[in-house]
Amino acid sequence: RKDRPEAQALTTALAELHVHGASVEWESVFAGRDARTVELPTYAFQRERYWPEVSLSLSGLDAQGAADSVDARFWEAVEREDLEALAETLDVDGETPLRAVLPALSTYHRNRRDQSTIDNWRYRVAWKPVPDVAGGPLSGTWLVVVPASRAEDELVTEAVAGLRRHGADVVSLVADERDLDAGELGERLRAAVADAPAVGGVLSLLALDEEPCSGHPELPGGLALTLTLVRAMADTGIEASLWCATRGAVSVGRSERLSHPAQAMVWALGRVAALELPELWGGLVDLPESLDERAVARLAGVLSAEAGEAAEDQVAVRGSGVFARRLTRSAAPAADPATWRARGTVLVTGGTGALGGQVARWLVRNGAEHLVLTSRRGLEAPGAPELREELEALGARVTVAACDVADREQLAAVLAAVPEEYPLTAVVHAAGANAAGPLAETTVADAAAVISGKVAGAVNLDTLLGDRELDAFVVFSSIAGVWGSGGQAAYGAANAYLDALVEDRRGRGLAGTAVAWGPWAEGGMAAGDGGDQLARRGLPAMAPGLAIAALHGAVAGDDGV
Ligand SMILES: NC(=O)c1ccc[n+]([C@@H]2O[C@H](COP(=O)([O-])OP(=O)(O)OC[C@H]3O[C@@H](n4cnc5c(N)ncnc54)[C@H](OP(=O)(O)O)[C@@H]3O)[C@@H](O)[C@H]2O)c1
């Protein structure tokens, strides 16, 4: 071998022959060289890596792959000197000289970069089947908190009996509107487990109560009671984890309908409790329509595995197994955005707010003939008269109405006033309010103030519009409802409701698109300190132009949630 010393090349060749089974006379090879036999370790050499493994999710790769394949087609056309294909890609005349092509190339590149930014913002919630947890028997006393209105439900009695069969000593506590005081509920909790040698956990079935909360009808009773229960647990110091159960608050796949969007609010509240009060938090579990023996065993497994390594704290128990919630990257919509145009009248609730204004401009530029912009202040809202003028100058007819979207009669009047020549074709529900505060200090009244416009507004729109066919029914929700943001329990709950309502509407065959926005730049709720804090945590604000392009893509692609 030219590149290696002869002795080394020969020894290597002999070693290779040896490991391939040839018999080599090693004594002769090593004769006179003072060679000796040494002990080699008999175990396989073990190596451990301490570097994080970078793993791109499949859909992330898909998005990247799609971008790469578009670029690849462009460069292939350049390489082949295929003028026709290149002209088509750049949308120029094939005979156009290079000087004129440069702006087209620049636009092409900018568009590709913007599209890739937008595609990278896209995530969705997915449900991953996980092995049943054979967590063993439950131990200690389990306090099951039940809403008075559902105390006799089969699901409730099945859950209580099932937990007992799986080893728990069950104490039930029935709660009603008189328990909407955290101090008093805390006393009742303490008394309920006073004689228990050890409390294994607390399972709340309060979310099943969807009746309007007395005094705050914009909240389901179950949400108000759950909020009070969390605060009471934080006060009492009962050393046990709280699990909140729902039914039909999530859908784990296409074949399953999300039937109880109101209960989804407890999920968002729970995610914030997990962040702010981890010492008392157990998890969230969505139950099937009926709890048969297998489902009960799965529920017991989930509850008993809480402290274990494979513990999941956001699960759905179904006849087909246990599913865990995951946030995954979502592929870009397949449809060409240019295929969607607004027409007739479009109603924008919160239309005089920061994002409402951006949406209104987009709608008018894309064909809306008449816009109805609503907010409680209407034309009194800062900038509203100027916005109307600007939109009219763009050629649209504009109505700005003072209307609390949570007030069904006021909203019905706005809908009734839509002119016949421009029928209502689409709705963008962007009305909303936000107020941050620790969950342990959030009262039911605080929660109602934040939740009212978003949730009651969405319920009213959904109810008043009924089965009317719409080109789009878009709701502006927030990342706060998806992953839980500290200090935003009520806001998160309101947004989770919007996402769930859209799933529910789509299940009913109606239009629905929910966009859970991250922070927008240049004004709006996330401007100022809140936005700066998010940016410091790695969540930069989205440029409004790109956010609107993302919205257009989502609507054109008939994206759900
Ligand atoms: N800005 C962001 O970065 C961001 C991020 C995620 C999600 N979002 C969501 O996007 C939507 C718009 O946010 P924004 O930043 O534009 O906030 P904004 O500037 O405060 O606008 C909110 C609008 O909603 C109206 N509104 C509130 N409650 C109402 C009610 N009960 N009935 C009718 N109108 C009501 C407000 O006007 P009045 O007070 O006059 O009623 C205002 O016009 C909100 O739903 C928000 O949760 C925004």
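These questions and answers walk through a predicted model of one protein chain.

In this predicted model, local features need pLDDT of at least 70 and side-chain atom pairs count only at pLDDT 80 or more, while totals for chains, interfaces and linings use all residues. Residues are numbered from 1 along each chain as its sequence is written, and side-chain values use heavy atoms, with hydrogens and water left out.

Student: What is the mean pLDDT of the protein chain?

Tutor: pLDDT is the predictor's confidence in each residue, from 0 to 100. In this chain, 94% of the residues reach 70 or more. The mean is 91.

Student: How far apart do the C-alpha centres of domain 2 and domain 4 lie?

Tutor: Domain bounds come from an automatic or database domain assignment. That assignment gives domain 1 (1-36), domain 2 (58-120), domain 3 (129-329) and domain 4 (338-556). The C-alpha centres of domain 2 and domain 4 are separated by 34 Å.

Student: What is the order of strands in the open sheet of six strands?

Tutor: Helices (H or I, at least four residues) and strands (E, at least two) are DSSP runs, numbered from the N terminus. Two strands pair if DSSP finds at least two bridges between them. Here the pairing is parallel, and the order is β13-β12-β11-β14-β15-β16.

Student: Which strands stand at the edges of that sheet?

Tutor: Look for a strand with a single partner strand. One side of such a strand is left without a neighbour in the sheet. The edge strands are β13 (397-402) and β16.

Student: What does the twist average from one strand to the next?

Tutor: Axes are lines fitted to C-alpha atoms, for helices over the stretch in contact, and angles run from 0 to 180 degrees between N-to-C directions. From one strand to the next, the average twist is 15°.

Student: Which helix packs on the sheet?

Tutor: The helix touches β11, β12, β13 and β14. Its direction makes about 155° with that of β11. The helix is α13 (residues 408-416).

Student: In β12, what is the bridge partner of T345?

Tutor: Strand β11 (residues 345-349) and strand β12 (residues 370-375) run parallel. Five bridges join them. T345 has as its bridge partner H370.

Student: Is strand β15 largely enclosed or open, and why?

Tutor: Buried means under 20% relative accessible area, exposed over 50%, partly exposed in between (1.4 Å probe, protein chains only). A472, V474, F476 and S478 point one way from β15, while F473, V475 and S477 point the other way, and all are buried. Seven of the seven residues of β15 (residues 472-478) are buried, so the strand is largely enclosed.

Student: Which residue stands opposite F473 in β15?

Tutor: Strand β14 (residues 424-429) pairs with β15 in the parallel sense over four bridges. F473 has opposite it V427.

Student: In β16, what is the bridge partner of V474?

Tutor: β15 also pairs with strand β16 (residues 513-517). This pairing is parallel, over five bridges. The partner of V474 is T513.

Student: How many salt bridges does the structure hold?

Tutor: Side chains of opposite charge can pair when their charged atoms come close. A salt bridge is a side-chain nitrogen of Lys or Arg within 4 Å of a carboxyl oxygen of Asp or Glu. The structure's total is 24.

Student: Which residue forms a salt bridge with E256?

Tutor: The closest N and O atoms are 2.7 Å apart. E256 is in the loop between β7 (242-247) and α9 (264-276), and its partner is in strand β9 (residues 314-318), 62 residues apart. E256 is partly exposed at 22% relative accessibility.

Student: Are D462 and R505 buried or exposed?

Tutor: Their side chains meet in a salt bridge (2.7 Å, N to O). D462 lies in helix α14 (residues 444-465) and R505 in helix α16 (residues 489-507), so the pair ties together parts that are 43 residues apart in sequence. Both residues are buried.

Student: Which residues does G557 contact, leaving aside neighbours within four places in sequence?

Tutor: G557 is found in the segment after α18 (544-556). The residue is partly exposed, with a relative accessible area of 24%. Its contacts are P333 and A335.

Technical notes: Contact = heavy atoms within 4.5 Å.
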